[in-house]
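Subject: Structure handover

Hello,

Here is the structure that you are taking over. Please open it first and then read the notes below it.

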Amino acid sequence: MRFCILGSGSSGNAALLVTENARVLVDAGFSARRLNALLAPFGESLDRIDAVFLTHEHGDHAGGIGSLKKFPHIQFFANAATARAVQSHLEHRPDWQLFETGTRFRFRDLEVESFAVPHDAQEPVGFRFATGHDGDLFAPRRSLTWLTDLGHAPQNVREAIRGCEVVVVEANHCPDLLRNDTKRPWSLKQRIGGRHGHLSNEAARALLAEVASPQWRRIYLTHLSRECNTRAAVEAAFAGLRVSLAACEFSIVAPGESTPVYEFA
Ligand SMILES: [Zn+2]
Ligand SMILES: [Zn+2]
């Protein structure tokens with residue numbers, strides 16, 4: 001299994017996950033043209049993408065689906081509430097593949113499990129992707145948890161990140177920068193920092209520190225706010241945790257950046 005983040009932040013989110021038999025995107029918050037440009041450095045293109053897994057209907061995650069109509073072979077996996085919300089803005093009908101939140105299903109050689117997250121969307125989810133089997137010498141179990149756009153982390157979320165190899169989690173804002181921001185109205189700041197908004201650097205750090213799974217090898221800190229966060233603020237918030245989770249590499253994904261490919265061992 002190979003993984004990279006094509007882009008992350010309020011102007012768009014998408015990641016590429018490749019297994020032996022499947023090439024999928026997690027979210028499609030960029031136009032088809034932009035996605036192809038982001039995929040090109042990895043030798044990939046939308047012609048070769050089999051499916052998109054959608055976390056929720058917000059434009060920075062689902063805004064590219066309209067322009068993906070030129071790629072009718074792509075299947076879109078979402079729960080019914082998310083599919084309905086996205087479909088209401090579309091003229092064409094994508095090939096929807098509906099799942100129920102909380103269930104586990106297979107897409108080719110990829111095992112997919114969705115779980116509910118608290119966020120101000122219809123029925124937002126996180127995903128846990130896995131391949132292989134425990135104890136299989138030739139196809140050992142590998143897993144990744146995708147966790148962005150959530151205001152706080154209930155017990156089911158803490159369980160979802162336990163025991164996987166790779167965790168993608170949002171470190172959305174620095175509360176001080178959010179408080180002092182002059183462009184956002186008070187109500188929006190309340191929404192971002194609220195129970196159904198986004199995780200702050202500190203909330204993400206506290207979540208990781210509490211679970212602190214010995215299996216983690218890579219943590220991606222994502223969905224950084226352009227105005228209300230900085231790489232330096234994220235570095236500072238996670239400095240101590242990086243020391244205590246020494247077996248694990250941290251990767252901060254700032255807006256406008258893609259990551260190198262992570263190869264599952
Ligand atoms: Zn988002
Ligand atoms: Zn959102």
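Glu44 and Arg2 are joined through their side chains by a salt bridge, with N and O 3.7 Å apart; a salt bridge here is a side-chain nitrogen of Lys or Arg within 4 Å of a carboxyl oxygen of Asp or Glu. This is a predicted model, in which local features need pLDDT of at least 70 and side-chain atom pairs count only at pLDDT 80 or more, while totals for chains, interfaces and linings use all residues. Residues are numbered from 1 along each chain as its sequence is written, chains are lettered from A and ligands numbered from 1 in the order in which they are written, and side-chain values use heavy atoms, with hydrogens and water left out.

Salt bridges

Helices (H or I, at least four residues) and strands (E, at least two) are DSSP runs, numbered from the N terminus. Glu44 has a relative accessible area of 5% and is buried, whereas Arg2, at 28%, is partly exposed. Buried means under 20% relative accessible area, exposed over 50%, and partly exposed in between, using a 1.4 Å probe and protein chains only.

Glu44 also forms a salt bridge with Arg48, where the closest N and O atoms are 3.1 Å apart. Arg48 is partly exposed, at 40% relative accessibility.

Another salt bridge joins the side chains of Arg141 and Glu111, at 2.9 Å from N to O. Arg141 is in the loop between β9 and β10 and Glu111 is in strand β8, so this pair connects parts that are 30 residues apart in sequence. Arg141 is partly exposed, with a relative accessible area of 29%, and Glu111 is buried, at 16%. Both belong to a network of salt bridges that links Arg104, Arg106, Glu111, Glu113 and Arg141. By this rule the model has 19 salt bridges.

Zinc sites

Which residues coordinate the zinc ion (ligand 1)? The donors are Asp60 (OD), His61 (NE2), Asp149 (OD) and His223 (NE2), at 2.1 to 2.2 Å. Donors are N, O and S atoms within 2.8 Å of the metal (3.2 Å for Na, K and Ca); water is not among the atoms, so sites may look incomplete. Along the chain, the donor residues of the zinc ion (ligand 1) have the spacing D-H-x87-D-x73-H. The angles among its four donor atoms run from 92 to 159°, and the site is irregular. Four donors count as tetrahedral if all angles lie between 85 and 135 degrees; four count as square planar and six as octahedral if opposite donors are over 155 degrees apart and all others between 65 and 115; anything else is irregular.

The zinc ion (ligand 2) is held by His56 (NE2), His58 (ND1), His119 (NE2) and Asp149 (OD), at 2.2 to 2.4 Å. Its donors follow the pattern H-x1-H-x60-H-x29-D in sequence. This arrangement is irregular too, because the four donor atoms subtend angles of 91 to 171°.

Asp149 bridges the two ions, the zinc ion (ligand 1) and the zinc ion (ligand 2), which lie 3.5 Å apart. Asp60, in helix α2 (residues 59-62), and Asp149, in the loop between β10 and α4, link parts of the chain 89 residues apart. Asp60 is buried at 12% relative accessible area, and Asp149 is buried at 1%. His119 is buried as well.

Sheet and helices

An open sheet of seven strands has the order β6-β5-β4-β3-β2-β1-β14, with mixed pairing. Two strands pair if DSSP finds at least two bridges between them. At the edges are β6 (95-98) and β14 (262-263), each of which pairs on one side only. Strands β3 (residues 23-26) and β4 (residues 51-53) run parallel and are joined by three bridges. In this part of the sheet, Val26 stands opposite Phe53 in β4.

Helix α1 (residues 32-39) lies across β1 (2-7), β2 (14-18) and β3, at about 130° to β1. Helix α3 (residues 80-87) lies across β5 (75-78) and β6, and runs at about 155° to β6. Contact means heavy atoms within 4.5 Å. Axes are lines fitted to C-alpha atoms, for helices over the stretch in contact, and angles run from 0 to 180 degrees between N-to-C directions.

Regards
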